[in-house]
Amino acid sequence: MNSRLLAVAALAASSACSFVGIDGDNNVFDASVGDDDASQPDASTGAERFDCAPLPAPTGTVVTVSDVPGLEAALAALAPDTTILFEPGTYGLGGTIEVRVDGVVFRSSTGDPADVTLTNDANGNGIPDFNRMFDIEASNVTVAEMTLERSPTPLTVSGTGADDTSGARFYRLVIVDFEDRGLEVLANGVTTSHDGTLACSRVEAEDSDACNNFTAAIDIRAAADNWRISENTIGPFCSQVFSTTTQLGIRISRRARFTVIDHNSVLSARDGIKIGDASISFASCNGVDGDGWDVYQTLLCNNVVTYDDVAGDPDD
């Protein structure tokens, strides 16, 4: 299969990063800032590079589960600052995991994402039984070191409806065959979620059902501030057959601000990275649709985005 470079925010060997934004008049701006060295703190973001190492041992209240009834019991008694450790196995969930208390951690007991799989397809027939896997309306919630599969939207984060939330952390995850969005940050009334992270994870959709439906692997919007998408492999997506679905790798839109997108590989998405509703192609933005949703200071640094030619693509 021939592969052509469709969109590059900054090549892996690049020494500069770029802020990209859309102002109130839908003008795109792009300004180079900082240097980046893999052995040093990331000067452009003011933050250390993720080393993608396993999480340290949990502290505080720890509840270990080994099956779905045990998980449901733990969720029914869930208190703030609790860690739920999943023993190795596949967990066919019976419904959405709703998180409404702060400081909760969901992670595998081994630290290996391959050891624990959560699926919305409890019947094993290839059809998700419900939509969202994690519905998070709380602060400082972590989901880490597991595989999430067969969920239309595995990770949804928002405000509580009364207050904004912050500090969501998604780390060393494998998200497979979602059918809408892999991670969605959205509004709950006038509230949203700030200061979140998706790091050191793999997000892909190759199943035919997922190919027919999915919108975006990562979708950050609703005035969410200060999210960081870093050190991830996003894709491949439905590369075996051309689809007319949107097939976005990363989308930042609807007044999201100060997003940092660094050191990611986005593979086989028809639109690798979109800021607002403008495609980034060869480190520039093309075509703003004039929807009036301002997007400010999205920092793009050391990402590589590729697109695979596929059968039936009218752009071939």
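## Basis of the report

The structure is a predicted model, in which local features need pLDDT of at least 70 and side-chain atom pairs count only at pLDDT 80 or more, while totals for chains, interfaces and linings use all residues. Residues are numbered from 1 along each chain as its sequence is written, and side-chain values use heavy atoms, with hydrogens and water left out.

## The chain as a whole

The protein chain contains two helices and 31 strands. Both kinds of element are DSSP runs numbered from the N terminus: helices are H or I runs of at least four residues, and strands are E runs of at least two.

Of the 316 residues in the protein chain, 54% count as buried. Buried means under 20% relative accessible area, exposed means over 50%, and partly exposed lies in between (1.4 Å probe, protein chains only). Among contacts (heavy atoms within 4.5 Å) between residues at least 6 apart in sequence, 74% join residues at least 24 apart.

## Aromatic pairs

A search of the whole structure finds three aromatic pairs. Rings of Phe, Tyr and Trp (its six-membered ring) pair if their centres lie within 6.5 Å; planes under 30 degrees apart count as stacked, over 60 as edge-to-face, and the rest as tilted. One of the pairs joins Phe106 and Phe134, and it is edge-to-face because the ring centres are 5.2 Å apart and the planes stand at 65 degrees. Phe106 belongs to strand β8 (residues 105-108) and Phe134 to strand β10 (residues 132-136), so this pair links distant parts of the chain, 28 residues apart. Both Phe106 and Phe134 are buried.

Another pair consists of Phe170 and Trp227, whose ring centres are 6.5 Å apart and whose planes are at 20 degrees, so the pair is stacked. Because Phe170 is in strand β15 (residues 169-171) and Trp227 is in the loop between β21 (216-220) and β22 (228-230), the pair ties together parts that are 57 residues apart in sequence. Phe170 and Trp227 are both buried.

## The disulfide

The structure holds one disulfide, a term for a pair of cysteine sulfur atoms within 2.5 Å. Cys52 and Cys200 form this link, with their sulfur atoms 2.0 Å apart. The link is left-handed, with -75 degrees about the S-S bond.

Cys52 counts as partly exposed because its relative accessibility is 27%, whereas Cys200, at 13%, is buried.
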